[in-house]
Amino acid sequence: MKIGIICYPTFGGSGVVATELGKALAQKGHKIHFITYDQPNRLDYFSENIFYHKVEIRSYPLFKYPSYELSLASKIVHVVKYEKLDILHVHYAIPHASAAFMARQILASQGIYIPFVTTLHGTDITLVGKDESYEPVVTFSINESDAVTSVSESLKKETYEYFNVSKPIEVIPNFIDLTRFKKQKKDHFKRAICPNGEMLLVHTSNFRKVKRIEDVIMIFDKVRREIPAKLLCVGDGPERQRAETTCQELKLTECVRFLGEIGEIEEILSVSDLFLMPSEKESFGLAALEAMACEVPVISTNTGGLPELNIHGETGFMSEVGDVEDMFRNALYILKEDNLPRFKEKALLRAKEFTLDKILPKYEAVYQKTLLESQIKC
Ligand code: GMT
């Protein structure tokens, strides 16, 4: 099959899922065409089945706001025609689903029908999508998609609750490549970060408000008052500077390190003892799944899709959003010498339920069904 994948090329979860999915499909022999404004971060190699088409966003003096959506729609039209694509898979509704709709209409006027599958990832529904400046377009383009998937039951439920959507939504959870995300022996690395045998806590995110970085710091501050511990914060974003300032104020700079964006996150996770995800919202929590695959238990909130991933009392614990005290107590419990191995083991076992080989056929089935239905329509 020739598949066009449209996504954000950043370190964000939707871009990661889209890119890993494309790479796995390419390995199975599909021809994958990424149509993005930059080379996706996780697209770290090319193969004979992977193609990359850059969306150029031109600015003209008249345009105060250059239109990504129009450039993307035009690029999709071009790639579908010249590469003879069979289907498009757009990740993140805004504005990828509406751009795909526009491209489909343009191509239909030229006698070409290109169906598109939309995957909802989270903030495209729970935060940005709900905003009245986007809502009508989001509702329309979800309903106009040839097929729609969401990464959790919770996100599906929220989509029906907040949007006037009649389209069936199939839940296909996120997945993990266990050949890449596995515990690696990095003892020298652990000794360098924790020379006195401290416990290592870790947080990875895009440092947006929704991630509640202040809670990460507060939980850690309480933990390190009880046991020797260090914290690594991986990623970057608007809340990073404030978090760094908080660390300075709490005199934590010796035990908290901000590493910025890192490609080989599995190396950090391999030496970590506990993952912190106190998010306000999280439709799935891919970063937590990556941690679990590296045998790291998870302290998270119980919001959105997190209860579909983190098993309370087994792979970690969940608390109400903002309940720093509860998250701290649970963190201490997990980090006890007698408890930690059991949590690590369960975290890995749970991650194994989300392996690529289980999830990939679900997407392939959606493509097959969509193609069949679109042939009937024609
Ligand atoms: O978490 C983010 O802010 C990034 C966002 C994205 O769209 O890239 O992540 C969303 O999609 C991920 C992949 O499906 C999910 O694992 C994240 O839970 C989800 N984020 C939120 O719902 C806040």
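This note goes through some local features of the predicted model, point by point.

1. Basis of the values. Residues are numbered from 1 along each chain as its sequence is written, and side-chain values use heavy atoms, with hydrogens and water left out. Because the model is predicted, local features need pLDDT of at least 70 and side-chain atom pairs count only at pLDDT 80 or more, whereas totals for chains, interfaces and linings use all residues.

2. Most residues other than glycine have a negative phi, and most peptide bonds are trans. Phe-207 has a positive phi, near 50°, and lies in the loop between strand S8 (199-204) and helix H8 (213-226), where helices (H or I, at least four residues) and strands (E, at least two) are DSSP runs numbered from the N terminus. Phe-207 counts as buried because its relative accessibility is 0%, the classes being buried under 20% relative accessible area, exposed over 50% and partly exposed in between (1.4 Å probe, protein chains only). Glu-295 also has a positive phi, near 70°; this residue is placed in the loop between H11 and strand S12 (298-301), and its 24% relative accessibility makes it partly exposed.

3. Cis peptide. The bond joining Ile-94 and Pro-95 is cis, with omega about -15°, and Pro-95 is found in helix H3 (residues 93-108).

4. Helix packing. The axes of helix H11 (residues 286-293) and helix H13 (residues 340-351) come within 7 Å and cross at roughly 120°; axes here are lines fitted to C-alpha atoms, for helices over the stretch in contact, and angles run from 0 to 180 degrees between N-to-C directions. H11 is therefore oblique to H13, given that angles under 35 degrees count as roughly parallel, over 145 as roughly antiparallel, 65 to 115 as roughly perpendicular and the rest as oblique.

5. Surface patch. Tyr-60, Leu-62 and Phe-63 make a nonpolar surface patch of about 380 Å². Tyr-60 lies in the loop between strand S3 (50-54) and helix H2 (68-83) and, at 46% relative accessibility, counts as partly exposed.

6. A further loop residue. Asp-236 lies in the loop between strand S9 (229-234) and helix H9 (240-249) and is partly exposed, with a relative accessible area of 34%. The C-alpha atoms of Asp-236 and Leu-276 are separated by 16 Å, the two residues being 40 residues apart along the chain.

Conventions
Patches are made of residues with over 30% relative accessible area and no salt bridge: like charges are joined within 9 Å, nonpolar side chains (Val, Leu, Ile, Met, Phe, Trp, Tyr) within 5 Å. Accessible areas come from the Shrake-Rupley method with a 1.4 Å probe; for residues, only the protein chains shown count as cover. A salt bridge is a side-chain nitrogen of Lys or Arg within 4 Å of a carboxyl oxygen of Asp or Glu.
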